[in-house]
Every structure is written in C-alpha cells, then in structure tokens.
Amino acid sequence: MLREYGLYIDGQWRAARGGETFPVHNPATGEVVGQVADARAEDALDAVEAATRAFPEWASRPAKERSEILRRAYDLMVAHRDELAEIMTREQGKPLEEARGEVQYAADFILWYSEEAKRVYGEAIPASHADKRLLALRQPVGVVAAITPWNFPAAMITRKIGPALAAGCTVIVKPAEQTPLTACRLVDLFEEAGLPAGVLNLVATTQPQAVGDALLADARVRKLTFTGSTEVGKILMRKAADTVKRISLELGGHAPFLVFEDADIERAAREVAASKFRNAGQTCVCTNRVYVHESIADTFTAALADVVRGLKMGNGLEPGVQIGPLIDGAAAEKVDRHVQDAVDKGATLVLGGRRHSDVDRGVHFFEPTILANVQDDSVILHEETFGPVVPVQVFRTEEEAVAKANGTPYGLAAYLYTRDLSRAIRVSEQLEYGIVGVNDGLPSVAQAPFGGVKESGLGREGGKYGIEEYLEVKYVSIRL
Ligand code: SIN
C-alpha cells in the first residue's frame with residue numbers, strides 16, 4: 001500500500017510550496033512505499049510562523065488539558081500499534097516484532113509526559129525582607145525544532161515532543177527523509193487526539209541542510225533538539241549559537257561491553273546479542289566493542305556464536321526474521337570497511353562477515369558477524385559501526401578493561417557483566433558514560449534519563465529529567 005502525505009503546518013496537510021514530493025523506499029525490497037511532500041526553507045518558515053502563533057495559547061492552557069490531550073494520543077498510539085509498526089518496518093526495515101516494541105516504547109514517552117505535565121512545579125524562596133515574596137516559576141522555552149533520525153522513526157520523535165508539548169512548547173518536527181511515514185501517521189494521531197492547529201508541525205525534506213539552516217537561523221525558534229551523528233550535532237551546535245538557542249543533542253556512541261571472569265557466561269552472551277543486534281546494530285546505544293576477561297574469552301565467544309548463529313536475516317515483515325536490512329549502501333560500505341580492516345589487521349572471523357547487496361534495488365544486508373582477536377589499531381575499536389558486527393578483545397585486569405572502555409571521545413552507553421556487587425558498583429562509577437547497564441544490555445525505558453557525556457551529547461531525554469530541557473526558570477520578586 002502506497003502512503004501519501006503532505007507537510008503538516010498550522011493544523012493542515014498541504015503541499016510543499018514548490019510542489020515537490022519524494023519517494024520513500026523499503027530498504028528490504030527497494031519498492032516505493034510512500035510519497036511525501038518535500039519541504040524547502042520557505043515551508044520551514046511557514047511552520048515556524050504557525051508554531052509561534054500557537055505558542056501563547058498552548059503555553060497558557062491548564063496543564064491538565066495538555067495532559068488529557070497527550071493521554072488521548074497515547075491511547076491512539078496503542079490502538080494503532082500494529083498499523084504503525086507495519087509502516088515502520090516497511091520504511092525502516094526493522095523486524096515487525098521489534099517495530100511493535102518500538103511503538104510501545106514511543107507511546108510510553110507520551111504516557112509518561114501526559115502525567116509529568118501536571119507536575120511542573122515552581123518554588124517559593126524565603127525572602128530577606130518581610131515585605132517581599134520571591135518566586136521561581138518554570139515556563140516553556142517556546143518554539144522547538146526537533147530533528148529526528150531514521151533508526152527509531154517513532155520513539156525519537158515522542159521522546160522529544162512528549163516533554164515539549166507537556167511543558168507547553170510548540171514544535172516543528174523534521175523527520176529523517178528515509179522514514180517520514182511513521183512520523184506523518186503519528187502526527188495524524190496527535191491531530192485526532194485534539195492537538196490545536198500550529199502546536200505540532202511536520203516538515204519532511206530531502207534538503208535537510210537548507211531546512212535545518214532555516215530553523216536554526218530563525219530567532220523565534222528557541223530550542224533545538226537533535227538525535228543523530230556527532231559530526232552533524234557539532235555543526236548544529238555552532239549554528240544554534242548565533243541565536244543562543246537552548247540545545248539538547250543525543251549523538252553517536254561507541255558502547256563497550258565488559259564481561260568479567262565471574263559473569264554468567266551464557267546470559268552475558270545472550271545480552272551482548274540482544275544489545276548488539278537490536279535494529280541490526282543501528283542504534284546509538286548498541287554494543288560496539290566487547291572486552292572479555294582472558295580466562296573466559298574462548299567459552300564466551302563460543303556461547304555468543306551459538307546465539308548469533310540462530311539469528312534469521314531477511315525482510316522484517318516475514319515471520320521469525322530478527323535481522324533486517326541496513327538503511328542504505330553507505331551504511332553497508334561502512335560495516336564492510338570495518339570488518340575488512342579488522343581482518344586485514346589480524347582479527348579472526350568467527351561468524352558472518354559477508355555483505356549481501358543488490359545495488360540496483362538499493363537493498364543491503366550484512367550477516368550478523370563476530371570478530372575475535374581484534375587488534376587495538378582496528379578502526380572498529382575507534383569508530384561507531386552502526387551495523388551487526390561484534391568485535392571481541394580480551395583484557396587481563398579490571399583497570400585495563402575500564403581504560404579500554406573509556407578510551408574514546410564518546411560517552412553514551414556502556415555495559416558490564418559480573419556477579420561481584422562491589423565490582424559492579426566500582427566499575428559503573430568509573431565508566432565515563434551517561435548510561436551504564438549492569439548485567440543489562442537493554443536499559444532504555446521512558447521513565448529513565450537517556451543521554452551521553454563527552455562527544456555523545458548534551459542534556460537528557462526521558463523521565464523527570466527530560467521535561468527540564470523544555471523549561472526556563474523565571475524568578476519573580478514581589479514587594480508587598
Ligand atoms: C538511539 O539509538 O538513539 C536510541 C536507542 C534507545 O532509545 O534505546
């Protein structure tokens with residue numbers, strides 16, 4: 001079924017001013033699954049205008065009303081979970097079961113923030129004079145530009161718009177050009193939930209730089225929230241400086257997974273696989289490097305190979321498929337380059353290692369791959385792979401493991417497996433990361449803070465922390 005969408009601006013679906021549209025492809029088959037209006041800078045400015053106009057009324061609504069609309073949007077997302085999941089699998093490629101899981105994860109942010117909307121409290125501060133009253137109010141930052149990635153077409157949107165709308169901000173979403181259909185259907189549901197015109201706007205585009213520049217240059221946009229690569233995040237950060245926008249950046253990761261000698265090896269192997277192969281390795285928090293104690297390295301690698309050998313690769317719409325396609329040819333080339341480089345430098349290919357590309361149809365799969373004896377200078381130990389490859393290296397001491405884990409400019413997620421409670425606490429404290437999974441390869445949930453340190457980003461999304469990113473503190477001093 002071909003889905004067609006316009007831009008959503010000021011409560012209306014409409015064509016792009018230039019009349020252009022672009023096709024959306026299924027990365028598992030190459031077929032066109034949708035056609036979407038292609039925004040330019042002038043469309044982005046229309047969206048800014050609409051969001052600016054809608055802001056005062058939305059911001060001044062009682063929190064209870066904003067909460068009720070978000071709650072209805074949550075209910076609609078859950079009611080349409082299978083439909084949303086199928087759209088997602090068709091445009092992004094992840095297996096249908098995983099897509100269903102993402103829709104629920106995405107809806108959970110809306111539920112959480114429908115509740116949190118009612119808890120944006122201020123403070124009364126003790127004054128130094130009897131005739132004064134001092135208040136700290138928390139108010140919405142204003143118009144928000146949300147630039148979202150293709151790897152989680154629903155959850156990376158709701159993790160931003162949930163807290164933004166709850167706080168009283170209005171939003172312009174620019175979804176990734178590879179996956180705009182899930183975003184459009186979500187916007188449909190928010191409209192059905194009763195969101196007023198202009199509060200949520202959507203501009204999909206094949207010209208992300210021009211549209212991004214227009215949003216960033218506009219002083220009416222008071223906040224940028226972005227999920228994507230560190231490279232692009234740095235550019236956006238520089239551009240946001242010209243109008244001193246608030247920014248939240250959720251950028252690249254290079255997650256280490258430490259397996260200590262006292263770990264439950266079978267469980268650790270299953271957890272590495274769960275973390276690594278979620279979304280075919282195309283997540284910022286997925287394991288990118290495994291460091292295992294030398295005394296258990298062979299047993300662990302064999303256990304991991306047993307789990308990975310059973311994974312079925314294919315079209316995510318087919319039953320039983322666990323590894324979908326990579327998003328495009330550039331992604332497949334990067335994965336291939338990382339594997340070849342590691343093997344050229346002496347790594348042992350334990351499993352997989354082959355790319356299956358049909359260049360004419362634009363379809364690219366990569367076999368789930370395990371590399372052992374990976375050498376220190378291998379690119380895969382220094383760059384984010386964003387694909388289904390596990391490089392394994394050994395360590396001898398806890399200090400060495402922590403040093404290897406921290407030896408990167410990234411700091412998003414890290415994992416460790418151990419049965420020793422003291423070590424679990426000690427190592428989690430030493431890891432320079434925003435998220436640490438102890439015996440847990442899948443820590444992401446709506447109520448917890450998600451975000452990185454170092455070059456992995458700024459700010460936190462999720463939980464009670466996420467809404468702070470969309471609030472300003474105003475100090476009011478009253479003389480009686
Ligand atoms: C991401 O890859 O950016 C998000 C992953 C998650 O929310 O778990």
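**Where the ligand sits**

The ligand sits in the largest cavity. To "sit" there, more than half of its atoms must lie within 2 Å of the cavity's grid points. A cavity is a set of points on a 1 Å grid over the protein atoms alone, where a 1.4 Å probe fits but cannot get out; lining residues have an atom within 4 Å of a point.

Some ground rules. This is a predicted model: local features need pLDDT of at least 70, side-chain atom pairs count only at pLDDT 80 or more, and totals for chains, interfaces and linings use all residues. Residues are numbered from 1 along each chain as its sequence is written, and side-chain values use heavy atoms, with hydrogens and water left out.

Now the cavity itself. It holds about 90 Å³ of space, where a volume is the space filled by probe spheres set on the points, and points are joined across faces, edges and corners. Its lining has 13 residues, with Phe152, Met156, Arg159, Val285 and Phe450 nearest the centre.

Where does the largest cavity lie? Domain 1 (3-251 + 455-479) and domain 2 (255-445) both give residues to its lining, so it lies between them. Those bounds come from an automatic or database domain assignment.

Next, the ligand's shell. Residues count as near if a heavy atom lies within 4 Å. Among those around the ligand are Tyr105, Asn151, Arg159, Glu250, Cys284 and Ser444.

Which oxygen distances stand out? A polar contact is a pair of N or O atoms within 3.5 Å; within protein, one must be able to donate a hydrogen and the other to accept it, and residues adjacent in sequence count only if both atoms are side-chain atoms. A ligand oxygen is 2.6 Å from a side-chain N or O of Ser444. For Tyr105, that distance is 2.7 Å. For a polar side-chain atom of Asn151, it is 3.4 Å. The protein covers 100% of the 260 Å² of accessible area that the ligand has on its own (Shrake-Rupley method, 1.4 Å probe; for residues, only the protein chains shown count as cover).

Technical notes. 1 Å grid on protein atoms, 1.4 Å probe; cavity = no way out; pocket = protein on both sides within 12 Å on 5 of 7 lines; lining within 4 Å.
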